[in-house]
Each structure stands twice: as C-alpha cells, then as structure tokens.
Amino acid sequence: MKKITVTFTIFSLLCLLSCKSNPEKEMVKTPKKPNIVFIMSDDHAYQAISAYDARLIQTPNIDRIANEGMLFTNASVTNSICAPSRAVILTGKHSHLNGKIDNRMPFDTTNVTFPQLLQKSGYQTAMFGKLHFGNNPKGFDEFKILPGQGDYYNPKFITSAGDTTVTGYVTDIITDLTLDWMQKRRDTARPFLLMYLHKAPHRTWLPAERHYTEFTKKSFPLPETLFDTYETRGTAAKTAEMGILKEMQLRYDNKLTQAVTDALKVEDKYEWSPLDRMTPEQRTAWDATYGPISEQFRKDYPSMNDSTLTIWKYQRYMQDYLATIAAVDENVGRLLDYMDETGLDENTLVVYTSDQGFYLGEHGWFDKRFMYNESFKTPLLIKWPNVITPGTTTTEMVQNLDFAQTFLEVAGAAPTEEMQGESLVPLLKGEKEKWDRDAIYYHYYEYPAVHAVKRHYGIATEDYKLMHFYYNVDEWELYDRKNDPQEVNNVYDDPAYATVVAELKEKLEGLRVKYKDSDELSNQYIQIYKDNGWIK
C-alpha cells in the first residue's frame, strides 16, 4: 500500500507541475458564441409596456429585459405594416429593395436572410409562432408557424412534416412549442438562434379565458387626442379609415353577439368567424362573460351619442387588446424563467420587440401604417449579460432595419453587401461615440387598401419629422417632435420653419439616394397595383 500511495503522490505532483508550466493552457479556449433569442409580438404598442408607460398595463416580465439590459426609446420601423416589417427584419433591406412592400406582394425567396447566414456559421436555428408570409421559412432547422394571421383558439400550424392543429390558446401554445424545443431538441454543443413570435395582440384581440373577468371589468384613461379633428393636417389623416367610432366593428372587434347587432340594426363589415374554432367548453366560458356585455349594450345603445359610443368602443378595445398582452407577458416570463433556471441566460442576447407600433385610441384611431408616432415607433428592449449595463436607456435612432446586422456581428458572421442597416452592438456595449446616425427613412406603400392610409415617405430626426404623401395627392407635413410630441400641429407652411423644411428636404433626398429609393421605383410599384386591378 505504501508503494501505491507514493506513486500516486508523485503522479499528482507531476500533474500540478505540468499545469503550472503551461499557465495559459486553460485560457486558450475559444469563447462560446452567444445564443440569440428574438421575441416579437404583432402590433404591440410601446404604450402598452409598463417599462415605457405604466398607465394602461403592467408587464413585469417584458420589463425584466429592460431592467437587466437596455430600453430603446427611439426605435422605429421602416414601413409600419406586418409582413413588410418582418421582411425588413429578415433581410436587413428596405421594403423597396426586398420587394415585400405590403401584405399583398409575395416575399421574394431569392432574398438572403440573416437566419440563413447564421445557420451557415454554425448556429442551430428554430422559429415558432407567427411569420405571416410563406410556409417554408429559409434558414431554419425546425419551424412551426401559423398560416397567415393564424387563430387565437385551437390554431393550425405549418411544419416541415405537414400541418397540424393544436388545442388551446395560441400564446400559450407558441410558448409550449418553444420550450419543448429548448428542452428536447436544442443541441447544447452549438449556439442557437430562436425566433419566438407571438400572434397577439393582433386584431381581433381574443383574450385567454383566464383573463376574461379581470380585464372586462377594467376601465382605462382616455388618450388626450381621442377626439382629434386633424385640423392642421392634410388629406391623408382626414380620409384614413381606422377610426374607433366609424371603422371599429361592434361584432367583429367589440365582441357583441349577432343577436344584439341584428336587434339594433347595426351592420358589421366582417363575418364573426374566430369563435367558430372554439370547443364547446371554450365557447361556454366566452358566452358567460361576453353575453352579458352584449345585453347591457343593447339597453344602453339608444341613449348613446357619437362621443359616448366612441368611449364605449375604446374601453372594449382596450379591455381585449390589453388582456391579450397579459398572456404574452406571462409567457415571456415562462421563457425567461427557464433560461435563468438552466443558466442559458448567461450567454444569450434576448430581444423583445413588435413588428411595429399601434394606435391605442390616439387621434381616434386603431391600427398602424402612418409615420405618425404611435405606429412609427416600436418597442425595443434588449439584454445581454456582461455586455449591456443593466437598466440602461438610449434615445439613439435605431430601426428594425438594424436587427440583421446586429445579430450577424454578435455571431461573428459577415452580412451581405445588400444589407442596409447598422449593427447595434456599439450601443449595446455603451460605445455611443461609434454611432453616428442622426436621421432615419420611412416609406409606406399599401394604398388603395384596407384602412385607406395614403402612400407616403419621410425622414425623422430626434427633433423633427417631415412626410410626403403622394400618388393621388401631393402634400407635405412637418412636425416639431420636441415641442409637439402628440403631432397635432403640422407646421410645414409656418414661415418660422422654412429653414427646417429646406434642410430636411435636402437630407431626405440624401437618404433616398443612400437607400436606393426613388420616384421611379415608387411608380413601378404603383404600376403593379394597376396591373393587378388594385387601383381602379
């Protein structure tokens, strides 16, 4: 025994001496590339995240991302409409170059997307939830996506193995699918890109059963501009069709029963079909809550005027819209908790955003599309442990155009030459001196179409916003963002702003050249509308 003990002791000593003689041996390990978790909701207004504004709802789990990372207060989109925004995010190119200018045009699958580049650089890639276009997203090892807009209850999913229907509530299901992948099929030897994409809070705002009672009993503060008259604005604001009073539907949007709308002789534009997907048990729970709301409205409606009806519709809108966000926040919490419990959070960049902003009664509207603030701005919260200083806020002007190049730099992969954004990594690292953007470019195309928001492009700086509405009008609008944050006073024709207008027009033309946009391109897209009979 003594001999064995001595031999072991000598062997151990040699090992220790060997390690000491090569002190750098353990230090040459290649740092593991960060994982990337991209969380995006659909039509989630920044006003409905308590990290931005706590008056409407508390979102403690989404707020965690800002508390542990960075809150962007001046993030925006290049084109405020669902599918085009997603195409910009995937390609890192403006709509006029990637070709997905609206919800009608097909996505050009010859576009190279950042998930393809990450996949080639060794990342495992997965997508769960709402993509909105296409049924075979490129660059993903696994996907389960909703067809088109998808459904809130018992939704169908498209997968590489075929379509399937899952019973339950869509926000919970998307999270279940995501966690199942992370727990069972994630390759722990590789970094991953996970795109976790919620349908909510997209219209028609169907809440989860657990939130029916709580939210239908709440009332919410009215926006200051709920009864906006668009006095100084041009044709576009005055002719848009997304007003809460006139365009919001009592049955389709506010969830009245057909029996009540028929009895009151109120017509709806749309058939009320989402409830058809419910199981008998789900429908019973729905009727128990929403049936009494309909009956109360039947009694109150004869005494309502335009003002009181607008307020009633707004409250019903907020009750359901915000209830769907409550489910999103809960489920974001489930994902963050799992990452914390498993230690995945330590080497993972987490992004929370929306495909664009949304009107929550401001200017009397719902929906998006305009370059006005509520639809132009988008929530953006990012955490990256040991890189981003927790609790940081930045006012720098960033866009969804920047995501592709940001993720590629994080992964150590090269962007394509066609990508037009700028990596946010310097801002994430606190190196603001390396960020020099002072203006961004916007262009909206889907007209004529639902909601009748006219085509327009524009430039925004931290101080001003200049917009040009074109095609069947030729009108300009200018807003002083610092002195008129609600954008109710168009000062384009004010002599005091003549110099500002001249400078912004020059700068706008420079951005159009930089991003390769032009009137010629705009006319080409108008011609496509004419060729397809979308313009009569």
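In what order do the four strands of the open sheet stand? The order is β13-β14-β15-β16, and the pairing is antiparallel. The structure is a predicted model, in which local features need pLDDT of at least 70, side-chain atom pairs count only at pLDDT 80 or more, and totals for chains, interfaces and linings use all residues. Residues are numbered from 1 along each chain as its sequence is written, and side-chain values use heavy atoms, with hydrogens and water left out.

Helices (H or I, at least four residues) and strands (E, at least two) are DSSP runs, numbered from the N terminus. Two strands pair if DSSP finds at least two bridges between them. Axes are lines fitted to C-alpha atoms, for helices over the stretch in contact, and angles run from 0 to 180 degrees between N-to-C directions. Strand β15 (residues 464–469) is joined to β16 by six bridges, and the two run antiparallel. M467 stands opposite E477 in β16. Helix α15 (residues 498–514) lies across β13, β14 (456–460), β15 and β16. This helix runs at about 110° to β14.

A nonpolar core is a set of buried Ala, Val, Leu, Ile, Met, Phe, Trp, Tyr and Cys residues joined through side-chain atoms within 4.5 Å. Buried means under 20% relative accessible area, exposed over 50%, and partly exposed in between (1.4 Å probe, protein chains only). The largest core has 55 residues. I39, M182, L194, V332 and Y352 have the most contacts inside it. Among the elements that give two or more residues are β1 (35–41), α6 (170–184) and α11 (306–342). Helix α11 gives the most, with nine residues. Y352 touches I39, I62 and V332, among others (contact: heavy atoms within 4.5 Å). Another core, of 45 residues, lies apart from the largest one. M40, Y123, I145 and I382 are among its residues.

S50 is found in the loop between β1 and α2. S50 is buried, with a relative accessible area of 12%. Its side chain makes a polar contact with the side chain of D63 (2.4 Å). A polar contact is a pair of N or O atoms within 3.5 Å; within protein, one must be able to donate a hydrogen and the other to accept it, and residues adjacent in sequence count only if both atoms are side-chain atoms. A polar atom of the S50 side chain also lies 2.8 Å from the backbone nitrogen of T59.

Terms used. Lists of a residue's contacts leave out its neighbours within four places in sequence.
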